[in-house]
Amino acid sequence: MLKIEIDDNSGFCFGVTTAIKKAEEELSNGGTLYCLGDIVHNSIECDRLKRIGLITIDHDTYRELHNAKVLLRAHGEPPETYEIAKRNNLELIDATCPVVLKLQQRIKQKWQETAEKQRQIIIHGQTGHAEVLGLVGQTRGEAIVIENIDQLDRIDNSKDTYIYSQTTKSLEGYKRIVSAIEERIEPGKECKSFNTVCGQVAGRMNGIGEFAKSHQLLFFVCGKKSSNGKILFNECKRVNPNSHQIESAEDIDLSLTNGVESIGICGATSTPKWLMENCKQAIINYHNTKENEKQT
């Protein structure tokens, strides 16, 4: 008998859940609600919220907006966003994830503390990612973003160095970056790193690997823009080569499920549970149809 299991630990993280709840609550009260950027890196969930009234805008539109209500998503924003809100009489519904907010405060404090020193702040993260833009903004654009070891030539080895990570990056990847930087910084210069990967995100890495190993076939559901999704899917693929990344049930190659006894479905911190449930149902429907055809 075919067994299809959805990973209990997959789905929205706390920060995304809170942001979406705030959006739904505001929309239920009526009126117009804007969201600065995609509320979550999952186009299907964004489309669902659009259908109930959420209007997604970019930063250029935001700068021209006046006398309106705007939701700030979990990824966080740089100080400039709040300054514009004051000038343009915008009411902000701030859904910045508490973990991200704390990291913003830590980076800003370190940047201010070391303002008179020859120092540099390094952020291991994805260039252009919403969270990273908010973090760099705490340093008035001075922080250096490093995505991988190949970019370490951006660093000045003669300066005191303080290293942080985007909250959704791989902890192991961050450790490798830190180790490589520590080897380069000149003797006598301070080099400190801070583990700022979200504990909830880091905890999913081992769990999702175990889940992937326990099934013959795995479908990983996430949006193409999800940074966290890329990391988690790579872990699934590493431990189970028969892992396939999809955005929705429509992407499933159902022929892959033929002759398989165990299928796992999991996703990123930006993947809604209902989307994974849809994928499970699509597989069930496919096999029910095949069984009915055999009987007729």
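Figure 1. The chain contains 10 helices and 12 strands, and the model shown here is predicted. Along its principal axes, the C-alpha trace extends over about 80 × 50 × 25 Å. The chain has 296 residues, and 50% of them count as buried.

Figure 2. Strand 6 comprises residues 119–124, and six of its six residues are buried. In a regular strand, side chains alternate between the two faces of the sheet. In strand 6, R119, I121 and I123 point one way, whereas Q120, I122 and H124 point the other way. The residues on both sides are all buried.

**Figure 3. The neighbours of strand 6.** Strand 6 pairs with strand 8 in the parallel sense, over six bridges.

**Figure 4. The stacked aromatic pair Y164 and F194.** A search of the whole structure finds two aromatic pairs. In the pair formed by Y164 and F194, the rings lie 4.8 Å apart, centre to centre, with 15 degrees between their planes, and the pair is stacked. Y164 belongs to strand 8 (residues 160–165), while F194 lies in the loop between strand 9 (191–193) and helix 8. The two residues are 30 residues apart, and their pair links distant parts of the chain. The relative accessibility of Y164 is 2%, so Y164 counts as buried. F194 also counts as buried, because its relative accessibility is 18% and the cut-off is under 20%.

Figure 5. F220 lies in strand 10 (residues 217–221) and F233 in helix 9, so the pair ties together parts that are 13 residues apart in sequence. Both F220 and F233 are buried.

**Figure 6. The largest pocket and its lining.** Rolling a probe the size of a water molecule over the atoms shows where empty space is left. The largest pocket has a volume of about 550 Å³. Its lining consists of 23 residues, and those nearest its centre are S170, G173, R176, I231 and N234. Helix 7 (171–184), helix 8 (199–213) and helix 9 (227–239) are the elements that give two or more residues to this lining. Helix 9 provides the largest share, with seven residues. By residue type, the lining divides into five nonpolar, nine polar and nine charged residues.

**Figure 7. Close-up of G173 in the pocket lining.** G173 is one of the residues nearest the centre of the largest pocket, and G173 lies in helix 7. Does G173 count as buried or exposed? Its relative accessibility is 15%, so G173 counts as buried. V99 provides a point of reference elsewhere in the chain: its C-alpha atom is separated from that of G173 by 19 Å, and the two residues are 74 residues apart along the chain.

Methods
Residues numbered from 1 in each chain as written. Predicted model: local features only at pLDDT ≥ 70, side-chain atom pairs only at ≥ 80, totals over all residues. Heavy atoms only, no water. 1 Å grid on protein atoms, 1.4 Å probe; cavity = no way out; pocket = protein on both sides within 12 Å on 5 of 7 lines; lining within 4 Å. Points joined across faces, edges and corners; volume = space filled by probe spheres on them. Helix = DSSP H or I, 4+ residues; strand = E, 2+ residues; numbered from the N terminus. Nonpolar A, V, L, I, M, F, W, Y, C, P; charged D, E, K, R; others polar. Phe/Tyr/Trp six-rings, centres within 6.5 Å; stacked < 30°, edge-to-face > 60°. Buried < 20%, exposed > 50% of the residue type's maximum accessible area, 1.4 Å probe, protein only. Pairing = 2+ DSSP bridges.
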